[in-house]
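Here are some friendly notes to read beside the model. Please keep the sequence and the 3D view open as you go through the points.

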Amino acid sequence: MAGESHDSQRILTEARASLVRQQAGGRRVGGRSIGQRSAEMKRQHVARKAARMAMAVGVILVAAMGVGLAIDGIGVTGLMLMVLTIAAALFFFGRYPRLKVPDLAALNTGNVRSMVGRTELWLEAQRPALPAPAVQLVDQIGVQLDGLGVQLEGIDPAEPAVAEVRKLVGEHLPGMVESYRRIPAHLKREERGGRNADQQLADGLGKISREIDEITRKLAAGDIDDLAVRGRYLDYRYGEGLGEAEATPQLNPPPAAPPENT
C-alpha cells in the first residue's frame, strides 16, 4: 500500500512539473518567447492540454462512480487504482502532444496573426544554432514582428504591399536563417569577401530588422502607397544579406572560360 501511494505521488509530481514546463514554453520551441504572438500560441496550446487533462479526470471519476454503484463500492484498492489512473492521465496529457516547431514552408500561410506567431516560434527554435550577435537580433526582431503584425491587421490583405511584407517576414527572414544553418560548422568561420558566415548572418538580420522598423513606421503613418513601391525592393535588399549562394563558401573556384579562337 505504501509503495502504491509513493508511486501515485511521484506521478502527480512529474505531471505538475511537465505542465509547468509547457507553460514556460516547453523545450521543443526554444523556451523563452521572443514575441507576444508566439507566447499567445503557447498559452493556447497549454489551455488545450489543460482542457484534455480535465476531461480525462472527469471521465475517470464518472467511470469509477459507475463501477462503484454496480458493485456496491470500489474499496481501498479501487480507490488507489483510480488515483493512479488519474495521475497517469495527468502525466500523459501534461506531456503530449507537444507544441512542435512549425514547418518552414508553412510559415507564410493563414492570417497575419498566425504568420507572425509561427515565424516567431520557428525563430525561437533556431536560436541555439545561431551565434550570439544573431541571437540578440532575433530577439529584437521578435519584438518588431509584434508591432508589424498589429499594423498589418488594419490593412486590406489584398494590398500588394501586404503580400510583399508577408514575403519578407514569412520567407526571406526564415530563409536567411535556414541558409546559415545548412552551412557545415567547419566552414562557418571561413571568410568570403572579408566576412565569415556568422558576420554575414548578423549583417543580413540587421538589414531585415531595419527594414521591418521602416515598414512599421510607414504603416503607422498610413503611407500605404509609398510602402507598395518600397516593397518591390525587398527581394533586392534581401539579396544583400545572407543569401544561400553568398552564405555557402565555394570550396572549388569555377573553371576558367576557354580562350576564344582568333
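1. A word on terms first: contact means heavy atoms within 4.5 Å. This is a predicted model, in which local features need pLDDT of at least 70 and side-chain atom pairs count only at pLDDT 80 or more, while totals for chains, interfaces and linings use all residues. Residues are numbered from 1 along each chain as its sequence is written, and side-chain values use heavy atoms, with hydrogens and water left out.

2. Let us begin with confidence. The mean pLDDT (the predictor's confidence in each residue, from 0 to 100) of the protein chain is 77, and 73% of its residues reach 70 or more. Residues 1–5 have pLDDT below 50, and this stretch has five contacts beyond near neighbours in sequence. Residues 239–262 also stay under 50, and there the model has 33 contacts beyond four places in sequence.

3. Now the overall make-up. The protein chain has 10 helices and zero strands; helices (H or I, at least four residues) and strands (E, at least two) are DSSP runs, numbered from the N terminus. Of contacts between residues at least 6 apart in sequence, 77% join residues at least 24 apart.

4. How much of the chain is buried? Buried residues make up 42% of the 262 residues, where buried means under 20% relative accessible area, exposed over 50% and partly exposed in between (1.4 Å probe, protein chains only).

5. Next, the interior. A nonpolar core is a set of buried Ala, Val, Leu, Ile, Met, Phe, Trp, Tyr and Cys residues joined through side-chain atoms within 4.5 Å. The largest one has 34 residues, and Leu123, Leu145, Leu148 and Leu205 have the most contacts inside it. At least two residues of this core come from each of helix H4 (112–126), helix H5 (132–152), helix H6 (160–181) and helix H7 (197–220). Another core, of nine residues, lies apart from it and includes Met53, Ile86, Ala89 and Leu90. In soluble globular proteins, nonpolar side chains tend to be buried together.

6. How do H4 and H5 sit against each other? Their packing angle is about 175 degrees, with the axes 9 Å apart. Axes are lines fitted to C-alpha atoms, for helices over the stretch in contact, and angles run from 0 to 180 degrees between N-to-C directions. H4 and H5 are therefore roughly antiparallel to each other, a label for angles over 145 degrees. Val112, Val116, Thr119, Glu120 and Leu123 in H4 meet Val138, Gly142, Leu145, Asp146, Gly149 and Leu152 in H5.

7. Leu145 counts as buried because its relative accessibility is 0%. Leaving aside neighbours within four places in sequence, Leu145 is in contact with Val116, Thr119, Glu120, Leu123, Val169, Leu173 and Ile212. Leu145 and Thr216 are 71 residues apart in sequence, with their C-alpha atoms 9.0 Å apart in space.

Terms used
Parallel < 35°, antiparallel > 145°, perpendicular 65-115°, else oblique.
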